[in-house]
Amino acid sequence: MAIPAERAVLYAFWASSCSWRVRAALVAKRLSFEERSIDIVKQKQQKTESYRVICPSQKVPALVIDGVTLVESMAMLQYLEDTRPQPSLAPSTPLLRARMREIVETVVAGIQPLQNVGLRGSFEDEAHYTKFVRHWTVRGLETLEELLSRTARDRMYCVGNQLTYADICLVPQVYNAVGRHNINISTYPTVVRLYEALLKDNVFAASHPEKVKIGTQ
Ligand SMILES: N[C@@H](CCC(=O)N[C@@H](CS)C(=O)NCC(=O)O)C(=O)O
């Protein structure tokens, strides 16, 4: 498949973990892209009708690439892997792929939706929301610690010897747990070790939310 040369456009918010997943994958795949900020916290720009046309769920991210608009971060990651297989962000063996997906699902289904800022309005007050968010984030971190202590051991990646989508999902979620939800992660030593090592990796350094934040506020 011929890949058009136009620059991709990522609709995203600097502090959004789902946005960071896609930003990191674009960097890892060495793709040129422009990021357009959709402020989901103060201005609630995701709720506008103009953004609904781009993304029916009115969430970030959305990715315009190859002349099409993609929504759902994991669909974007799969598309990037399918259309730009090198460098690969998925292990080559079925078992390691399954291990990668275990970690990915723990984050994308078991943590992220249960701490999304969009849930806040469904709780009577901030205290109830915070209690719910912290419970499910902690439960997810416990699960990740057990899974990663088996797959990563002393390696610097979640699965195998390469950067994969498991790392790309893990780092933004741990960043949120620490920075947004004030969760003490020191009781998850494998998670901490991987998180700290991966933050130094160029993919995460170059796509880090603090870099994007500058200029969007
Ligand atoms: N499953 C979606 C989840 C998207 C999502 O929840 N995005 C959050 C930010 S990480 C958002 O836009 N929240 C604002 C809202 O729900 O109003 C994906 O992976 O793209």
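**Notebook: helix packing and aromatic pairs**

I began with Trp20, which is buried at a relative accessible area of 1% (buried means under 20% relative accessible area, exposed over 50%, partly exposed in between, with a 1.4 Å probe and protein chains only). This is a predicted model, in which local features need pLDDT of at least 70 and side-chain atom pairs count only at pLDDT 80 or more, while totals for chains, interfaces and linings use all residues. Residues are numbered from 1 along each chain as its sequence is written, and side-chain values use heavy atoms, with hydrogens and water left out.

**Entry: aromatic pairs**

I looked up the aromatic pairs and found 7 in the structure. Rings of Phe, Tyr and Trp (its six-membered ring) pair if their centres lie within 6.5 Å; planes under 30 degrees apart count as stacked, over 60 as edge-to-face and the rest as tilted.

I noted that Trp20 and Tyr175 form an edge-to-face pair, with 5.3 Å centre to centre and 85° between the planes. This pair links distant parts of the chain, with Trp20 in helix H1 (residues 17-28) and Tyr175 in helix H6, 155 residues apart. Helices here are DSSP runs (H or I, at least four residues), numbered from the N terminus. Tyr175 counts as buried at 17% relative accessibility.

Trp20 also forms an edge-to-face pair with Phe204, at 6.2 Å centre to centre and 80° between the planes. Phe204 lies in helix H8 and Trp20 in helix H1, so this pair ties together parts 184 residues apart in sequence. I read 0% relative accessibility for Phe204, which counts as buried.

Elsewhere, ring pairs link Phe123, Tyr129, Phe132 and Trp136 into a cluster.

**Entry: H1 and H3**

Next I checked how H1 lies against helix H3 (residues 73-83): their axes come within 9 Å and cross at roughly 10°. Axes are lines fitted to C-alpha atoms, for helices over the stretch in contact, and angles run from 0 to 180 degrees between N-to-C directions. H1 is therefore roughly parallel to H3 (angles under 35 degrees count as roughly parallel, over 145 as roughly antiparallel, 65 to 115 as roughly perpendicular and the rest as oblique).

From H1 the contact takes Cys18, Arg21, Val22, Ala25 and Leu26, and from H3 Ser73, Met74, Met76, Leu77 and Leu80; contact means heavy atoms within 4.5 Å. I sorted the residues of this contact into 8 nonpolar, 1 polar and 1 charged (Ala, Val, Leu, Ile, Met, Phe, Trp, Tyr, Cys and Pro count as nonpolar, Asp, Glu, Lys and Arg as charged, and the others, Gly among them, as polar).

**Entry: H5 and H6**

I then took helix H5 (residues 126-151) and helix H6 (residues 165-179), whose axes come within 11 Å and cross at roughly 140°. H5 and H6 are therefore oblique to each other. Thr137, Leu141, Leu144 and Leu148 of H5 make the contact with Leu170, Val174 and Ala177 of H6. The residues of this contact divide into 6 nonpolar, 1 polar and no charged.

**Entry: H7**

In helix H7 (residues 189-199) I listed Thr190, Val191, Val192, Leu194, Tyr195 and Leu198 as buried. H5, H6 and helix H8 (202-207) are among what covers them.

**Entry: Gln112**

Last, I located Gln112 in the loop between helix H4 (94-108) and H5. Gln112 is buried, with a relative accessible area of 15%. Not counting residues up to four places away in sequence, Gln112 touches Ser17, Cys18, Arg21, Val107 and Gln173. Its C-alpha atom is separated by 17 Å from that of Pro209, 97 residues apart along the chain.

Notes
Helix = DSSP H or I, 4+ residues; strand = E, 2+ residues; numbered from the N terminus.
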